[in-house]
Amino acid sequence: MSLSRTVQRTVLTAALLSGSALAVPSTAQAAPLPPACQEALLGTLDKFPVANFTVPDKVQNTMLVEIMGLTEADQKALTEVACAAWNTWATENGQAVATDLDTRYRNAAGPACNKFAKSSMATIKKYAPNVPAETRELENLAKKVWKNSMTKLAAEATNADCRAAYDGVKAGW
């Protein structure tokens, strides 16, 4: 699997849904992921078959850095129960979420950073309340990754529209 595909899966997982901060532990924190979390990391993108929605490269890179920097304490949210609940929910709701993301992405004003930020946040807010309670610690982790990433992206953006888009969604859901 290419690094780009892995990054896309990781970013889509972390950015789009409340139970989705599923990350590979860094080598310094070599605790292996539970099997359900490995499945979630490698299979989430396939469960949300978007056609139009895209994650800008800069967002992917920023979120990957955040995910790879998770502490051991953060990684405790990555439990077999939480990830299994996420996998079941994602399988059952993936097509509806993907359709919503695609529609919102197509209808959002450009540039791509704004389309990503607005469509992601609107879809997250719509579906997060329906994600199983077992994923709440994952949701907290996803919120942390999201907020830190959007804060960094807003601070580093050279385009005023992107800066405003990232700043506008950094508080999360």
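Tutor: Contact, or touching, means heavy atoms within 4.5 Å. The model is predicted, so local features need pLDDT of at least 70 and side-chain atom pairs pLDDT 80 or more, while totals for chains, interfaces and linings use all residues. Residues are numbered from 1 along each chain as its sequence is written, and side-chain values use heavy atoms, with hydrogens and water left out.

Student: Which residues does Arg106 touch, leaving out those up to four places away in sequence?

Tutor: Arg106 lies in helix α5; helices (H or I, at least four residues) and strands (E, at least two) are DSSP runs numbered from the N terminus. Its C-alpha is 7.7 Å from that of Phe53, a residue 53 places away in sequence. Leaving out residues up to four places away, Arg106 touches Asn52 and Lys115.

Student: Is Arg106 buried, partly exposed or exposed?

Tutor: Buried means under 20% relative accessible area, exposed means over 50%, and partly exposed lies in between (1.4 Å probe, protein chains only). The relative accessible area of Arg106 is 46%, so Arg106 is partly exposed.

Student: How many helices does the chain have?

Tutor: From the N terminus on, the elements run α-α-α-α-α-α-α-α. There are zero strands, and the number of helices is eight.

Student: What percentage of contacts in the chain between residues at least 6 apart in sequence join residues at least 24 apart?

Tutor: The chain has 173 residues, and buried ones make up 53% of them. Of the contacts between residues at least 6 apart in sequence, the share joining residues at least 24 apart is 81%.

Student: How many disulfides does a search of the whole structure find?

Tutor: A disulfide is a pair of cysteine sulfur atoms within 2.5 Å. With the bonded cysteines of the chain numbered in sequence order, the pairing is 1-2, 3-4. The number found in the whole structure is two.

Student: How many residues apart in sequence are the parts tied together by Cys37 and Cys83?

Tutor: The sulfurs of Cys37 and Cys83 are 1.9 Å apart. This link is right-handed, with 85° about the S-S bond. Cys37 lies in helix α2 (residues 35-47) and Cys83 in helix α5 (residues 80-107), so the pair ties together parts whose separation in sequence is 46 residues.

Student: What is the handedness of the link of Cys113 and Cys162?

Tutor: Cys113 and Cys162 form a disulfide with S to S 1.9 Å, and both residues are buried. The angle about the S-S bond is -90°, and the link is left-handed. The pair links distant parts of the chain, Cys113 in helix α6 and Cys162 in helix α8, 49 residues apart; the handedness, to repeat it, is left-handed.

Student: Are α6 and α8 roughly parallel or roughly antiparallel to each other?

Tutor: Two packed helices are described by the angle between their axes and the distance between the axes. The axes of α6 (residues 112-127) and α8 (residues 160-169) come within 8 Å and cross at roughly 15°. Angles under 35 degrees count as roughly parallel and over 145 as roughly antiparallel. The two helices α6 and α8 are therefore roughly parallel.

Student: Which residues of α8 does α6 meet?

Tutor: The α6 side of the contact is Cys113, Asn114, Phe116, Ala117 and Met121, and the α8 side is Asp161, Cys162, Ala165, Tyr166 and Val169. The contact residues divide into eight nonpolar, one polar and one charged. The α8 residues, again, are Asp161, Cys162, Ala165, Tyr166 and Val169.

Student: At what angle do α7 and α8 pack?

Tutor: Helix α7 (residues 136-156) also packs on α8, with the axes 8 Å apart. The two helices are roughly antiparallel to each other. Their angle is about 155°.

Methods
Axes are lines fitted to C-alpha atoms, for helices over the stretch in contact, and angles run from 0 to 180 degrees between N-to-C directions. Angles under 35 degrees count as roughly parallel, over 145 as roughly antiparallel, 65 to 115 as roughly perpendicular and the rest as oblique. Ala, Val, Leu, Ile, Met, Phe, Trp, Tyr, Cys and Pro count as nonpolar, Asp, Glu, Lys and Arg as charged, and the others, Gly among them, as polar.
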